[in-house]
Every structure is written in structure tokens, then in C-alpha cells.
Amino acid sequence: MPPAKKSGRALLREEGLERTDNNLRSHAWPVIQMINQKNYYTEYLKREDQVMVYRQQQEEATRATMQQQAKDKAASGANGYSDAMDVDQEEEKEEEMLGSRVIVIHPGSQNLRIGLASDALPKSIPNVIARKSEKAEFEEEAPNPKRLKVDAEDEDEDEEEDDHLFGPEFTEQLHELSAELKQRIRTSKRRVLPNSKDLVISFNNRSNPEVIKEHNDPNRVEWTEVPPDNPPEFFVGKEALRVADTSNPRYRLTWPMRHGWLNEKDYKTKRQLFEDISIILEEAMTRELNIEKKDIENTYSAVLVVPDLYEKVYVSEMLELLFKDFFFVQVCIIQESLAASFGAAFSQACIVDIGAQKTSVCCVEEGMCAADSRLNLKYGGKDVTDTFIKALLVSQFPYRDINLWRRYDYLLAEELKIRYHTLNDAALTNVQLCEFHLRAPGADAKKYTFKCYDEIFIAPLGYFYPSLFDNSTKLSGRRSLLERSYDIYDGKPDDPVSSAQLTLYQSPRPSSAGNASISGGPVETIGTPANPVLLTPAKAPTLNPFSHMNFDALSGTPRSSVAGSPAPESGTPNPGASTPALNGNGGLQIGMGGIMIPSGPTPMELAEERDKTLPIMPLDQAIVESINHATKGDEKKIKEYLTSIILVGGGSLVPGLNHFLEERLKAMKIYSDYPVIVAMPPRELDPQVIAWKGASVFGKLKATNDSWIRAADYDILGSRLLAYKCHWLY
């Protein structure tokens, strides 16, 4: 009888190979059960405590509560009793603490505005520093305004030679504007003396100064004293402007910011530039806010106001300065136009910010700047001052030796501009008798009397005729210290450029006559772009990795032609020519293997070309361009922006500027059927501090806590945090 058949398990047991279960796992990996597809739930990013910003706020609140409890406990132990605070008092104290620990910084080309967010108004100091030097500015630089010839001492000098004191171009523009002003006055039916200009010149030729002794001068100026034994290394702000030009030792004024850019012309190294910025900020905090640098660490936060079209190098370097030099707890960044809309309490507006050396135009809607509407123009109030002095000198200004490189002459020119310049038509009806006092250090005051006519009107007209300004030195030193920012992935320049700014580079230079008449005639829109090289290049097509394969031969399908399409028939809405062929003329060419290669200018070449071009445009045209790019043809938005144009900045303090700008915009054909309202800031607020005021409001909002960049996060990620913390596309 054959033996009984055994199973495989029995055979393994006999041979000693049977697996014994000892409840030991064969691996240490956790066993994940299958998800029930019919009913599953997750809490990922659904609770507030899972968001880093919320956790940081809770930690800060807990830390502040513990510190306050410790202080209250120490106070109650010392006094023997403790006071119970009401809920309202606690909220009021919390609000006060929120603003009293935030420093709002708004650096400008001429003034630095700084203050606590809880303050009603900021402290304004000149953004300038005076350092020891071998020579002062007036000893090294040519006289400003620059004369093309030496003034003759002969009283019978030919009048035609005086007219060309600043070149034939300036004289020609001056005469053209004077003729148009006369036409404007006739149109408004006002009477004017026919020989007003001759009266002004003859009176100024015969005017002599009156000497006023120091003890009889009630408004004498207190100049900064320089101790001869141990003179300081530097002076900052108003003290720097009051240092005598002939002091011993000499001091030279340097402005860290020029035309909205960092001043690369007057500095030799990048380190010295940011050292001066740090010194000015430190002195401002110490003298104006009574905050020592050592008290900032772990206590104060900062709100930094940056231009709408900023340079990333400037933002990152300022962020590095605030964190690594001043040790702020956290820093928040806000754009100027957005801050101005906060300060003016407008949710939707076209912000026109006219500064000392820079003018920006931007449309703001619902707390965001329209990215394509941003414009940055390199002229401002200082250009008006220079032009005003040049126009006065052409009219035989009695103080012929004025030189704006001298500090007391610079202060005098600013005083004359603020006192007399206007855009009101009533000022042109009569010749005005004016006076001023020249106060120089170490000399008696002199009282001058002079007459002026249309000079007070022509100088601010430069906003609409930028070629009237001297733009020859505004690009000097550009990119000599600071490189532009580049994308870390493709190496291309990544500084923000709006489509409105690109049209500014492409538009032709404004002529002396501009595109509108002063008398309010019809205005044509901006012409055809003059420099097509500055156009943004089209996106290069994706490279074909299979271009080496001949699919035409395989499939038998004939290959499409690369020639351009034929020209459209007459009557089509497109006025352009035929579709460009894919060759060098169209910006693309076919390389080896059929690969499409862009043949136009590279992004680097475009950026270099823009750096060589000074962005200027008449103010009314700039507003039109900004609104057009913000609205994209939406008529409703066009009406809303045209009725909410807000003028801010110190350069907008020209009497009658808002009404004159309204006339210019209404005279344009494109907006002739729309209502136009150009307003000043409401509630009688100073236009110079509107942006700072809005930034202080922004710094106290609890809803903006996610935009704060904290020092601990900055130590880890650096300036890369800006892409996540800014409320706009950085």
C-alpha cells in the first residue's frame, strides 16, 4: 500500500522549514489603512492655528500679555493694590500701543518724512548730509543756472544778447509760451498792458538793493556754527543747509536720493551711499522722535514707503539696512500711490504725485495699484525752481549773481518759488511788484525789489512742456554703483516695467509747443511710437525637440508656408500691414532644424536702452496714458477715474494747478465728452504728507498683518520673502 500523500505544509513541518508566527513584524514601516473613498475628511489648512501668520500673531499677543502681567504684578506689589482696567480702556491702550511702536519712513529726493504711526503729522527734514571736504559745491561746480556767456558790466548791453543767456532753444520756448499766454488772456477777455515786459526789464535794470544791518533785521537767520577746535564729521538735515559755504573746514552737501533713484553720481562706493542713508535715518529718529538706535531692537516695527515703479535693488538694500543695521522687529512695504489713496480716503482714484524731482501717476482701485497704469516721470518742483530763476534772469533780475549751488541762494530760490509762482489767470493782468531779502552768512541782509510778469506762470508750465526743463544731467552716473536686478532662474532683468511706462519710452519727445495750446484749444492724442526698439519682445515659441524628424515625408502632408498672410482688403478695421512673416523683420527667424529663434533685441538690450532714455512726458498726456492702460477701454471706469484725479506731493502746491489741469484734459478730443474733476486732498490736509499719512494708517490696520516681514523670517529667506509678503506682484 502506498504511503499517504502529505500536504506541502506537513512536508515543510517535517523538514523544519515551516514558518512560525511569533507576532514580530518583518519591517518597521507603518501600515496605512486604505482610505474609505465614500467618506473621508481632512483638516489640512482648515484651522487658523495651521497658518504661520496667525500663529505668530498669537505668540506675539501671548508674549505681550505676559509682559504686561509681569509689569502689573510688579506695580501692584510695590503699591500694595492693583487697579482693574475696563474693557474699553484695554482696547484703547492696545490701539495706542499698536501705533506707538510703528515708525513710518517715507524717503524722498529732497525731504525725508518720518514719524510714529500714532502721530497726526510726520516730521519733515531735508534728506541731505554735509560732510567735510576740500571744497564746497559752488567752488567745484559751474554756476547754476549755467550761463552760456559772462554777464557784461556795461549797462548799455544789447538786449538780444541777454535773451540768449541760456541758449537759443530756451529763449525760443520762452517766447512761444509768452505769445500763447497773451492769446489765452485775450480769449478770457482780460485787459493787459501792451508793454508789460518792457516795464519789467526797465524797472529791474534800475533796481538797487537796500542794506539792512543785522540789529535791524527781525528775521535774521541762525546759521550752523562750526567749532574750529573739533569740527564734527557731518551735519544732517536743516543744520546741513545752514552751514556757511565758506566755513573752515569746508563742507560739501550730498543728497542720497536724486530723481527718485539712489544717487550714484556723487558717491564713489555703494557702502558710503548707504552709510549716509543710515546716518540720516538715525539722526532723524534721535532728534525728531527721541528714539535711540539701541532702543529699536525687539521693540519697534517699520513701514517703508517705496515708489510705484521701484527698483528691486533699492527695496532689498533698504530692507537689509532696516533689519541688519537698525534691528527692527518687522518691516512692512507699501507703494506711494496706494499710501496716498489711504491718506486721501479714496478707494478708487488716479493719484498724481508731484515731488521735488519725480512725478508719478498711478490708478488705484480697491486697495491695489493697477500694474499697467504706473508711470514715473523725472521732473518735479526743483525743475520749476530752476526754470523760474532762469526766466527771472532773462528779465534782468536785480540779483544777477545768484548761484543755486550756494546754500543761501538755494533757500532763497525755493522761497521765491513758493511765494510767487501760480497758474491763476488773474496773476497775468498786472505787472507784480515783488521783494525779497538776501541773507548770507557773515554779511548784512540786503532788500531787493523787482517786478515780474509772466515768469511766475511760465515756470510751472514746465509740467506740461518738459523740454523747458534742463534734462541734460539727470542720467549722469546711472548704473555706476548699483546693478539692476536679475531673475535667479533665467538671468533676465526683472525690475517692474508697466505698459504705460513702455509707451512713455516709445512716444516722441515733446516739443516746445507740446500737444495742447495754453488757450484751451483742441488737443491731439499721443503720436506714433518713435523708438520701436523699446517695445516688449514677444514671447519666444517653445522649442521643438522633434524638429530633426521629417514628419512631412512620413505622413505625406504638405508643409505649411512660413510666408506672411496677404494684406487685408480695404475697409478692414486693422490699419496695419500684412501679418509679418517669421523672419528677422518679424522678430523671429528659422534656425537649423526648423527651430524658431528670436531675432529682435534681447531683454538685456531693452533694459540697457531704457536706462539710457530719460522718461519724461507732459503731465496731462501721462494721466491719459495711465487711465487708458488701467481701464482697457471700459467707459465706466474711465468716467470714475476722470472724476477722481487727486494731486498730492509738494510740487502740486501751485495755486490754480488743479483747474489748469482740468482745462487741459477737457480740451483733449478723447475726453471731451467726459466730466473731469481734479481735486486736492480732502479735509485740508497738506498734500506733502498724504502718502505718509496713508502709510501710517496702513501700519495700524490689523488686516495687514500678513504683509509684515519679520526679522526671524528674513534671516532665513532674505529678500525672497517679498514675493510672498507684498500685496502686489513683486
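I started with charges: a salt bridge here is a side-chain nitrogen of Lys or Arg within 4 Å of a carboxyl oxygen of Asp or Glu. This is a predicted model, where local features need pLDDT of at least 70 and side-chain atom pairs count only at pLDDT 80 or more, while totals for chains, interfaces and linings use all residues. Residues are numbered from 1 along each chain as its sequence is written, and side-chain values use heavy atoms, with hydrogens and water left out.

**Entry 1: salt bridges**

I looked up E275 and R131, whose side chains meet in a salt bridge at 3.9 Å, N to O. I took helices (H or I, at least four residues) and strands (E, at least two) as DSSP runs, numbered from the N terminus.

How many salt bridges does the rule give? The count comes to 37.

Next I turned to R407, which forms a salt bridge with E137; their closest N and O atoms are 2.6 Å apart. R407 lies in helix α13 (residues 407-420) and E137 in helix α4 (residues 137-140), so this pair ties together parts 270 residues apart in sequence. Are the two partners buried or exposed? R407 is buried, with a relative accessible area of 2%, and E137 is buried too, at 4%.

I then found E663 in a salt bridge with R184, the closest N and O atoms being 2.9 Å apart. Because E663 is in helix α20 (residues 657-667) and R184 in helix α6 (residues 168-187), the pair ties together parts that are 479 residues apart in sequence. E663 counts as partly exposed at 38% relative accessibility, whereas R184 counts as buried at 6%.

I also noted a network of salt bridges that links E311, R478, R479, R484, D495 and D611.

**Entry 2: charges over a ring**

R478 turned up again at W261. I count a charge as sitting over a ring if NZ of Lys or CZ of Arg is within 6 Å of the ring centre and within 35 degrees of the ring normal. The charged end of R478 sits over the ring of W261, 3.8 Å from its centre. The charged end of K378 sits over the ring of W261 as well, 4.1 Å from its centre.

**Entry 3: aromatic pairs**

I paired rings of Phe, Tyr and Trp (its six-membered ring) if their centres lie within 6.5 Å, calling planes under 30 degrees apart stacked, over 60 edge-to-face and the rest tilted. The count comes to 18 aromatic pairs. I checked F342 and F698, whose ring centres are 5.7 Å apart with planes at 85°, so the pair is edge-to-face. F342 lies in helix α11 (residues 336-344) and F698 in helix α21 (residues 690-700), so parts 356 residues apart in sequence are tied together. F342 counts as partly exposed at 27% relative accessibility, and F698 counts as buried at 3%.

I looked at F436 and Y448 next; they form a stacked aromatic pair, 5.1 Å centre to centre with 10° between the planes. F436 is in strand β16 (residues 432-438) and Y448 in strand β17 (residues 445-452), 12 residues apart. Both F436 and Y448 are buried. I found them again in one aromatic cluster, formed by F397, Y399, Y420, F436, Y448 and F450.

**Entry 4: the sheet around β16 and β17**

I followed those two strands into their sheet, where strands pair if DSSP finds at least two bridges between them. Which strands form the open sheet, and in what order? Three strands do, in the order β5-β17-β16, with antiparallel pairing. The edge strands, β5 (210-212) and β16, each pair on one side only. Seven bridges join β16 to β17, and L433 has K451 in β17 as its bridge partner.

**Entry 5: one serine**

I ended at S360, which is found in strand β13 (residues 359-365). S360 is buried, with a relative accessible area of 1%. Counting contact as heavy atoms within 4.5 Å, and leaving out residues up to four places away in sequence, I saw that S360 touches D308, E336, I351, V352, D353 and L375.

Definitions and conventions:
Buried < 20%, exposed > 50% of the residue type's maximum accessible area, 1.4 Å probe, protein only.
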